[in-house]
Amino acid sequence: MAMADMTSCPVHQSFDPLAEPYLADPYPDLTAVREEVPAFYAPSIDMWVITRYDDIESAFKDPGTFSAAVGQRPVFPLSDEARAIIAGGFHASPVMSDCDPPKHTRIRRHNLKGFSARRVSVLEPKVWAKATELVDDIRPGRVDLVPALTYPLPAYMIFTFIGFPDEDMDMLKSWCGNRIAFSWGRPSPEEQREIATNMVHYWRYCEEFVAKRAADPVDDFTSDLIRIHREDPDAISLEEITNVAYGLSFAGHETTTNFTGNAIRQLLSHREQWDALCADRTLVPAAVEETLRYDSSIIAWRRITTRPVTVGGVEIPADAKILLLLGAANRDPKYFSAPEDYDIMRGDVRAHLAFGKGIHYCIGAALARMEARIALDLLAQRAPGMRLVEDQELTFPANVSFRGPRHLLVDWP
């Protein structure tokens, strides 16, 4: 990788997280840049990139300097047509991952009530039931586990958690298609038009859904927020509840789909560890954590500086768009022994940054862990002999942040 020789402003001319080799396997590049420099400017994405664990953790813990405001914004400018479509019917505003205090503090407090241990525990038997139903439908032979299990399970569960009706599931999933590319990739004008149109459909659906729940609350997450609104309209508005439902329904299944696919792929690629897990399913939680460290579904996240700041001796200006390389931090040898090895027996795994840190720590972390744990546990029970199809060509969504296989072929016993 080409690094310009500049003391105060290092520049990587060739670092491109949307290049095909990086998308296929980003980790050699992530390791290389972490070892070379703590921070640099990447012209390919017009962002400053932070590479090391300590500096990324510090950025997460300093929202006053590293604002979350760019978390959901498109990396690249949209076409005029896409902007017009969005302006005509999409009215989402920052409420969680792209929001700063004090608004973030207020909204998150109420969302945490919805993600209470009680509500998550109530979902666990439903996750088991849905996962079992999906696995029961798999027949011996060659199977793509993404459409068979890792996509429908988290999609169904987050939609159920929010309260969306079962009969709307397929329609909602169709509107989610390629949403990642819109904000985190480099979509073509044609792709932008299609995605923007689906976003408007989805937004209007969420508006109508929240209005129905406001008129008649039931026992779901959205209704929990409605009850908070009824007690104190200033605590959270109906528009903010719509924003939460819209954002959560996307974030709550794409990331878990990718993460569960990564876990299955890594375990089957390290056969002795899969066999050990099948023989002792108490190892499943450890496998979940090691996958979060070694091959997380979110390998980078974004921030923007509110003032000039120095990171590892590198001067970064105010209003600089930042890319935090979580995938590099989670293999930082300062915090993890033999970090390039996938090892479900390691003892230092819980230090990973896969769910972030500080005030924006992932609100759905417990739910994501639970869904992945159940999927792996059930597969270990029902298909310990399954194997990855050899020489399959794995492809990954073209974007700067999210990573997981689009398809994952296995031979099902």
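**Note on salt bridges, helix packing, aromatic pairs and backbone features**

1. Aspartate 275 is partly exposed, at 37% relative accessibility. The structure discussed here is a predicted model. The partner of aspartate 275 is arginine 271, and their side chains form a salt bridge with an N to O distance of 3.4 Å. Arginine 271, in contrast to this, is buried, with a relative accessible area of 16%; the value falls under the 20% that sets the limit for a buried residue. Both residues belong to helix α14 (residues 271-279), where a spacing of 4 residues places aspartate 275 and arginine 271 about one helical turn apart. In total, the structure holds 24 salt bridges.

2. A second salt bridge joins glutamate 289 and arginine 350, whose closest N and O atoms are 3.4 Å apart. Here the partners come from separate elements: glutamate 289 is part of helix α15 (residues 284-294), while arginine 350 sits in the loop between α16 (326-329) and α17 (365-382), so the bridge ties together parts that are 61 residues apart in sequence. Their surroundings also deserve mention. Glutamate 289 is buried, at 6% relative accessibility, whereas arginine 350 is exposed, at 60%.

3. Which class of accessibility applies to arginine 293, buried or exposed? With a relative accessible area of 1%, arginine 293 is buried, and glutamate 290, at 0%, is buried as well.

4. Helix packing is illustrated by α4 (residues 80-89) and α11 (residues 189-215), whose axes come within 9 Å and cross at roughly 5°. This angle makes α4 roughly parallel to α11, since angles under 35 degrees are classed in that way. On the α4 side, the contact is made by Glu81, Ala82, Ile85, Ile86, Gly88 and Gly89. On the α11 side, the residues are Gln192, Arg193, Ala196, Thr197, Met199, Val200, Trp203 and Arg204. Sorted by class, the contact of α4 with α11 comprises 7 nonpolar, 4 polar and 3 charged residues.

5. The count of aromatic pairs comes to 21. One of them is formed by tyrosine 205 and phenylalanine 209, with ring centres 6.5 Å apart and planes at 5°, so the pair is stacked. Tyrosine 205 and phenylalanine 209 are both buried. They also take part in one aromatic cluster, formed by Phe90, Phe159, Phe164, Trp175, Tyr202, Trp203, Tyr205, Phe209 and Tyr246. Trp203 of this cluster is also listed in the contact of α11 with α4.

6. Some backbone features may be checked in the model. Most residues other than glycine have a negative phi, and most peptide bonds are trans. Proline 101 and proline 102, however, are joined by a cis peptide bond, with omega about 5°. Proline 102 is located in the loop between α4 and α5 (103-114).

7. Where are the residues with a positive phi found? Aspartate 319, which is not a glycine, has a positive phi of about 60°. Its place is the loop between β9 (314-316) and β10 (321-324), and aspartate 319 is exposed, with a relative accessible area of 61%. Alanine 338, also not a glycine, has a positive phi of about 40°. Alanine 338 belongs to the loop between α16 and α17 and is partly exposed, with a relative accessible area of 43%.

8. Proline 384 lies in the loop between α17 and β11 (387-388). This residue is partly exposed, with a relative accessible area of 35%. Apart from its neighbours within four places in sequence, proline 384 is in contact with Arg271, Trp274, Cys278 and Leu379. Among these contacts, Arg271 is the residue that forms the salt bridge with aspartate 275. The C-alpha atoms of proline 384 and valine 244 are separated by 39 Å, and the two residues are 140 residues apart along the chain.

Terms used
Residues numbered from 1 in each chain as written. Predicted model: local features only at pLDDT ≥ 70, side-chain atom pairs only at ≥ 80, totals over all residues. Heavy atoms only, no water. Axes fitted to C-alpha atoms, helices over the stretch in contact; angles between N-to-C directions. Helix = DSSP H or I, 4+ residues; strand = E, 2+ residues; numbered from the N terminus. Parallel < 35°, antiparallel > 145°, perpendicular 65-115°, else oblique. Contact = heavy atoms within 4.5 Å. Nonpolar A, V, L, I, M, F, W, Y, C, P; charged D, E, K, R; others polar. Salt bridge = Lys/Arg side-chain N within 4 Å of Asp/Glu carboxyl O. Buried < 20%, exposed > 50% of the residue type's maximum accessible area, 1.4 Å probe, protein only. Phe/Tyr/Trp six-rings, centres within 6.5 Å; stacked < 30°, edge-to-face > 60°.
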